[in-house]
Amino acid sequence: MAMPHALDGVRLKCQRAQHHLNTLQAEFDAFGRDAYSVRHNVERGGREHVYRVNRLRHTRPEWGPIIGDCLHNAASALDQLAYQLAILHTGKLRSGLARDTHFPIYRSSREFWDNLRKLEGIGPDLIAPMERLQPYHGINGPDYHWLMILKRLSNSDKHRTLHTTGYRFGGTAHYRPDSLIDTTFPTGPLKLGAELARFVFDPPDPEMNVDPSFTVHIAFKDTPLADGIDTWAMLNMICIRVEAVVDEFRPLFR
């Protein structure tokens, strides 16, 4: 029987987060195949052709807890990593140190250094690597860094269910005649009557159909993030980054 590895628990947390992510991908794909239907309207004597949503299914409330479980396991993997790093440094954590040890996620350098005692267990050699990972080093600022997004979503899930909605992200016309002079694919929530596309023709042609297709994804709604952020893409990015952080510290346990 193989000896247990210090990061076995971390690995299992990452795998569980990925399991929830795979479940959501399958559910989202199935939903997308029958989420809505489209009505084609001819306006201004055929000069403009407009495609609107005329039937719509709502996203499933059951997805909220699955998203929360994915986030919880991702965050827990990082906290368990910090705990194992502390054990590696101290040999055995005293109860107070064990309670305070967690993976640091802070918005500012001052906040990080003011809470340095919570990293006492991992030892001085790992303070700098932990500090380099902090959200305030993010190119777009701390609020757009994946660690801060993970923290905010995970904290939000502790108090209320995370919500999703269908969201339109554009599309394409599979037939582009010379008479097509303008095309728009508005983005926004997928609602009854929402405009998916508008095509302008000159000369007008009431019989024209450019056979459009539309890009619709499941997006966050009423969360700490801006509405319209692709749910699966964000969760997938978080899972990838968590595993990358774990891999960064893995050589210390050999």
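Tutor: Gladly! Helices (H or I, at least four residues) and strands (E, at least two) are DSSP runs, numbered from the N terminus, and two strands pair if DSSP finds at least two bridges between them. This is a predicted model, in which local features need pLDDT of at least 70 and side-chain atom pairs count only at pLDDT 80 or more, while totals for chains, interfaces and linings use all residues. Residues are numbered from 1 along each chain as its sequence is written, and side-chain values use heavy atoms, with hydrogens and water left out.

Three strands form an open sheet in the order 5-3-7, and their pairing is antiparallel. Strand 5 (188–189) and strand 7 (212–221) are at the edges with a single partner strand each, so one side of each has no neighbour in the sheet. Strand 3 (residues 163–173) is joined to strand 5 by two bridges, and these strands run antiparallel. Here R168 is found opposite G188 of strand 5.

Contact means heavy atoms within 4.5 Å; axes are lines fitted to C-alpha atoms, for helices over the stretch in contact, with angles from 0 to 180 degrees between N-to-C directions.

Follow the chain onward from strand 7. D222 is partly exposed, at 42% relative accessibility; buried means under 20% relative accessible area, exposed over 50%, and partly exposed in between (1.4 Å probe, protein chains only). At the start of helix 7, a side-chain oxygen of D230 comes to within 3.2 Å of the backbone nitrogen of W232. A polar contact is a pair of N or O atoms within 3.5 Å; within protein, one must be able to donate a hydrogen and the other to accept it, and residues adjacent in sequence count only if both atoms are side-chain atoms.

Helix 7 itself has 19 residues and spans 28 Å from its first C-alpha to its last, close to the expected 27 Å at 1.5 Å a residue. That expected span is 1.5 Å times one less than the number of residues. Among the buried residues of helix 7 are T231, M234, N236, C239 and F249. What do the buried residues of helix 7 pack against? Their partners are helix 1 (8–32), helix 2, helix 5 (127–132), helix 6 (146–159), strand 3 and strand 7.

One of those partners, helix 2 (residues 63–90), has 28 residues and reaches 41 Å between its first and last C-alpha, close to the 40 Å expected. After helix 2 comes G91, with a positive phi near 90°.

The peptide bond joining D202 and P203 is cis, with omega about 5°.

An open sheet of four strands has the order 1-2-6-4, with antiparallel pairing. At its edges are strand 1 and strand 4 (180–184), each pairing on one side only. On average, neighbouring strands of this sheet are turned by 20° against each other, direction ignored. Strand 1 and strand 2 run antiparallel and are joined by eight bridges; in strand 2, R55 is the bridge partner of S37. The loop between strand 1 (36–43) and strand 2 (48–56) contains R44, a residue other than glycine with a positive phi near 55°. R44 is exposed, at 58% relative accessible area.
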